[in-house]
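Please read it alongside the coordinates.

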Amino acid sequence: MARLGVLLFLVQIVLAVCALISCLSAEEGKIRALPRIAWVLIILFFPLVGSIAWFIVGREPSPAARKGWPGGTGERQRPRPVAPDDDPEFLRSVEERAQQQDQALFQRWEEDLRRREDDLRRRDGEPPREGDRPEV
């Protein structure tokens, strides 16, 4: 029985400390019903009741608490952000960019090959042949 009393006392102290931290760190516009100093005194003099009262009445509920369970209110929820590797538009843009880079590289290789062939023909004394080149 004494162990249970000690456990409940520790729970009460932890709850009071959490309530004090919450009360002291709350923004001025988020405190309801009483001024901050009154809430601090209530929490200090009546730790269990004051702490519970602070969490229920004293602070403005967070947006998540006001919203309730996801999907429970029937409201449409915003679509969750998609990771880049799951986003079809992003994947399509990456593929298009890769194709453009491949095309540019291929064109540079073709131009380099034509230039080298023309240089070899000039060295051998032949004029460069225009008709033999494939069109790209």
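The whole structure of this predicted model holds zero disulfides. A disulfide is a covalent bond between the sulfur atoms of two cysteines. C18 is partly exposed, at 40% relative accessible area. C23 is buried, at 0%.

What does C23 touch beyond its neighbours within four places in sequence? Its contacts there are I31, R36, W39, V40, I43 and W54.

C23 also belongs to the largest nonpolar core, which has 10 residues. The largest share, four residues, comes from α1. In soluble globular proteins, nonpolar side chains tend to be buried together.

Helix α3 covers residues 47–58. The end C-alpha atoms of α3 are only 14 Å apart, whereas a straight helix of 12 residues would span 16 Å. Which residues of α3 are buried? They are G50, S51, W54 and G58. Seen down the helix axis, these buried residues fall within an arc of 100°, so they line one face of α3. They pack against α1 and α2. V49 and I56 lie on the other side of α3 and are exposed.

Helix α5 runs over residues 88–124 and has 37 residues. From first C-alpha to last, α5 reaches 54 Å, close to the 54 Å expected. Its buried residues are E110, D118 and R121. G125 follows α5 with a positive phi, near 95°.

A search of the whole structure finds six salt bridges.

| Salt bridge | N to O distance |
|---|---|
| D112 and R115 | 2.3 Å |
| R116 and D112 | 3.2 Å |
| D118 and R121 | 3.9 Å |

How do these pairs sit along α5? D112 and R115 are three residues apart in this helix, so about one helical turn separates them. R116 and D112 are four residues apart in α5, again about one turn. D118 and R121 are three residues apart in α5, about one helical turn.

Are D118 and R121 buried or exposed? Both are buried. D112, by contrast, is partly exposed, with a relative accessible area of 25%. R115 is partly exposed too, at 45%.

Shared partners extend the pattern.

Notes:
Residues are numbered from 1 along each chain as its sequence is written. This is a predicted model: local features need pLDDT of at least 70, side-chain atom pairs count only at pLDDT 80 or more; totals for chains, interfaces and linings use all residues. Side-chain values use heavy atoms; hydrogens and water are left out. A nonpolar core is a set of buried Ala, Val, Leu, Ile, Met, Phe, Trp, Tyr and Cys residues joined through side-chain atoms within 4.5 Å. Buried means under 20% relative accessible area, exposed over 50%, partly exposed in between (1.4 Å probe, protein chains only). Helices (H or I, at least four residues) and strands (E, at least two) are DSSP runs, numbered from the N terminus. Contact means heavy atoms within 4.5 Å. The expected span of a helix is 1.5 Å times one less than its number of residues. A disulfide is a pair of cysteine sulfur atoms within 2.5 Å. The arc is that of the directions from the helix axis to the C-beta atoms. A salt bridge is a side-chain nitrogen of Lys or Arg within 4 Å of a carboxyl oxygen of Asp or Glu.
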